[in-house]
Amino acid sequence: MEDEDARAVRLAKPSAEDILTDLTQEQLDGIRRRVRAGIASIEADSYAEYEGREGLEQLAEQVKATGKKILAEKVSKR
């Protein structure tokens, strides 16, 4: 019973270690690549800043558009 309770707590609010444990090596490598690219863009002063609700909405629209583009590319390759 205690094991089930501990598992329920872990699943309800996973720690970073719990999340990393569930990732595949490919996913971890992808995260590392994106973090390195992000750091490189900051060092190159090539990044965008978003302010307030309007900025957040702008960012969300850009993320959605990028996701749709990637999805369309994957579908067209099939």
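These are my notebook entries on a predicted model of one chain.

**Ground rules.** I number residues from 1 along each chain as its sequence is written, and side-chain values use heavy atoms, with hydrogens and water left out. Since I'm on a predicted model, local features need pLDDT of at least 70 and side-chain atom pairs count only at pLDDT 80 or more, while totals for chains, interfaces and linings use all residues.

**Fold.** I looked up the secondary structure and got 4 helices and 0 strands. Helices here are DSSP runs of H or I with at least four residues, strands are E runs of at least two, and both are numbered from the N terminus. Read along the sequence, my pattern is α-α-α-α.

**Surface.** I checked burial next: 5% of the 78 residues are buried. My cut-offs are under 20% relative accessible area for buried, over 50% for exposed, and partly exposed in between (1.4 Å probe, protein chains only). The chain exposes about 7,500 Å², and carbon and sulfur atoms supply 54% of that. Those areas come from Shrake-Rupley with a 1.4 Å probe; for residues, only the protein chains shown count as cover.

**Charges.** I count 14 positive and 17 negative side chains, with the centres of the two sets 8 Å apart. Lys and Arg are positive, Asp and Glu negative, and His and the chain ends are not counted. I place each charge at NZ of Lys, CZ of Arg, CG of Asp or CD of Glu.

**Helix α3.** This one covers residues 25-43, and its 19 residues should span 27 Å at 1.5 Å a residue. The expected span is 1.5 Å times one less than the number of residues. I find the end C-alpha atoms 27 Å apart, which agrees.

**Salt bridges.** Side chains of opposite charge can pair when their charged atoms come close. My rule is a side-chain nitrogen of Lys or Arg within 4 Å of a carboxyl oxygen of Asp or Glu, and the count comes to 2.

- Arginine 32 pairs with aspartate 29, closest N and O atoms 3.4 Å apart. Both lie in α3, 3 residues apart, about one turn of the helix. Arginine 32 is partly exposed at 39%, and aspartate 29 is partly exposed at 30%.
- Lysine 64 pairs with glutamate 61 at 3.6 Å between the closest N and O atoms. They are 3 residues apart in α4 (residues 52-77), about one helical turn. Lysine 64 is partly exposed at 46%.

Most residues other than glycine have a negative phi. Which residue just after α3 takes a positive phi? I found aspartate 45, at about 60°. Aspartate 45 sits in the loop between α3 and α4 and is exposed at 61% relative accessibility.

**Threonine 66.** I placed threonine 66 in α4, partly exposed at 44%.
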